[in-house]
Amino acid sequence: MQDSSLMFDNRYLRSLIIPLLIETLLSVTIGMMDTIMVSTVGEHAVSGVSLVDSVSNLFVFLFSAFSTGGAVVASQYLGKKDRASACFSAKQLMYLSISFSFTVSLLLLLFRKPVMTLIYGHIEESVMTAALDYFIPIVISFPFLAVLNSTNAIFRSMGKSRITMIVSIIMNVINVSGNSILIYIFDMGTAGAGIASLLSRMVACFFMVYKVTRTKEEVHVDKPLKLEVDIPMIRRVLRIALPSGIENSVFHIGKILVSSTVASLGTASIAANAVFNALSTFANIPGTAVGMAAVTIIGQCCGAKAYDAASYYGKKLLILTYLMMGVTCTVMYILTPELALLYNLSEQANALAVEATRLNMFQTAIFWPFAFTVPNYLRAAGDARYTMVISILSMWLFRVVLSRILGITLGFGLIGVMWGMFIDWYCRGLFFTTRFIKGKWKTKRVV
């Protein structure tokens, strides 16, 4: 059994987590800049972008599930010192990402309006038009985003998060520049915001494909043009990816249904919810970054069968998450009124956005890490099926059903919907933390 202090020192942890913090911040900024810049077009544009993001995030997180599966497998092979298998798993991950994302992109392009109508019903015509204009370029970008997520995951499995941070900087520069030109100069509205996002994802994808095919990398995609499908290796990736994908898809289907509930409350609530989602995401940045780092750290520990080390680092990363999220939640709570003004909302929508965001900051600081950082420890160990079952049950019982009861039936509106979400967090956190403490995940095998 390896001593936990010998696996990853504090310098390594800093070199892994700090770039991930910056990368996550920049990733969040892309979505926020779209919303802020589009807000100059009108409240209907903000609402349209928000509705599309609710749909597209379902597939974005499916792509992330494949990436997580690949990262866990590659990390565990690296923990076993089996570099060749790690490289081969990376190639199978690319096959999965490309084939799945192209299929999704094609189907959504063909049925974009029926999909939006099915989910949101007959919303205001101006909101639907803005949404569809934004939807097309975003869906076209899916294959590029899926490949980008996979290559990023491969580099994180090696502990090389600095390169993924640099790519995020490039994406932000392209996105903001594109927004400025297409929205402000060419007056393209939501379509301009979508095209800018498409261009940023394309450039980042091509750059990372170039990097990941270089043989000097510890984990790389060897002979990318030579088709080498390996079913057993794909199964190893899918052993993590499928439960995570099902979990993420059901989770975001639930979020879409919650968005549908919010949409029935009127345009002011839709716009307030869009701002709340954008601002609240900033408070989650430390937990998201540490969660990504945990896949590498816990995954390599489990691959080396150093389970005491995995427990040690899990506790250490959770304490770090709480310290950082305490700072971000406090800062966001104080700045919320000023930040909400950036979105040019009506007085009613602005007041609702501020109330919702401040309530969320308090809950996030206490409960979010247990609900969303800890399950990444379990996935990294191969315990993805457990996280899937708990997430699905909690999501549907509380965030979907209870949110509708509180928000519509009992008339508490957007704040009622949020309380359904908070109760979902309580349930997840209780089960995931108990699972990690009891150590059942130590019996799981991935490679």
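A residue counts as buried when its relative accessible area is under 20%. By that criterion, D424 and R428 are both buried in this predicted model. Their side chains meet in a salt bridge, at 2.9 Å from N to O. Both residues belong to helix α17 (residues 413–438) and sit four residues apart, about one turn of the helix. In an α-helix, residues three or four places apart point the same way, because each turn takes 3.6 residues.

The structure holds eight salt bridges. One of them joins R156 to E23, with the closest N and O atoms 2.5 Å apart. R156 lies in helix α7 and E23 in helix α2 (residues 10–38), so this pair ties together parts 133 residues apart in sequence. R156 has a relative accessible area of 12% and is therefore buried. E23 is buried too, at 6%. A further bridge links the side chains of E247 and R379, at 2.4 Å from N to O. Here the partners come from helix α10 (residues 231–263) and helix α15 (residues 374–380), 132 residues apart. Both E247 and R379 are buried. K160, R214 and E217 are linked in a network of salt bridges.

The largest pocket has a volume of about 280 Å³. Its lining comprises 16 residues, with M94, I98, V147, C205 and V209 nearest the centre. Helices α4 (83–110), α7 (142–157) and α9 (189–212) each give two or more residues to this lining. The largest contribution, five residues, comes from α4. By residue class, the lining divides into 14 nonpolar, one polar and one charged.

Helix α4 also holds S105. S105 is buried, because its relative accessibility is 6%. Beyond its neighbours within four places in sequence, S105 is in contact with V139, I140, F142 and P143. L118, in helix α5 (residues 112–120), has a relative accessible area of 74% and so counts as exposed. The C-alpha atoms of L118 and P243 are separated by 26 Å, and the two residues are 125 residues apart along the chain.

Two helices were checked for length. Helix α8 (residues 161–185) has 25 residues and should span 36 Å at 1.5 Å a residue; its end C-alpha atoms are 35 Å apart, which agrees. Just after α8, D187 takes a positive phi of about 55 degrees. Helix α11 is mostly covered, with 15 of its 17 residues buried.

Note on methods: Residues are numbered from 1 along each chain as its sequence is written. This is a predicted model: local features need pLDDT of at least 70, side-chain atom pairs count only at pLDDT 80 or more; totals for chains, interfaces and linings use all residues. Side-chain values use heavy atoms; hydrogens and water are left out. Buried means under 20% relative accessible area, exposed over 50%, partly exposed in between (1.4 Å probe, protein chains only). On a 1 Å grid over the protein atoms alone, a cavity is a set of points where a 1.4 Å probe fits but cannot get out, and a pocket is an open set with protein on both sides within 12 Å along at least five of seven lines; lining residues have an atom within 4 Å of a point. Grid points are joined across faces, edges and corners, and a volume is the space filled by probe spheres set on the points. Ala, Val, Leu, Ile, Met, Phe, Trp, Tyr, Cys and Pro count as nonpolar, Asp, Glu, Lys and Arg as charged, and the others, Gly among them, as polar. The expected span of a helix is 1.5 Å times one less than its number of residues. Contact means heavy atoms within 4.5 Å. A salt bridge is a side-chain nitrogen of Lys or Arg within 4 Å of a carboxyl oxygen of Asp or Glu.
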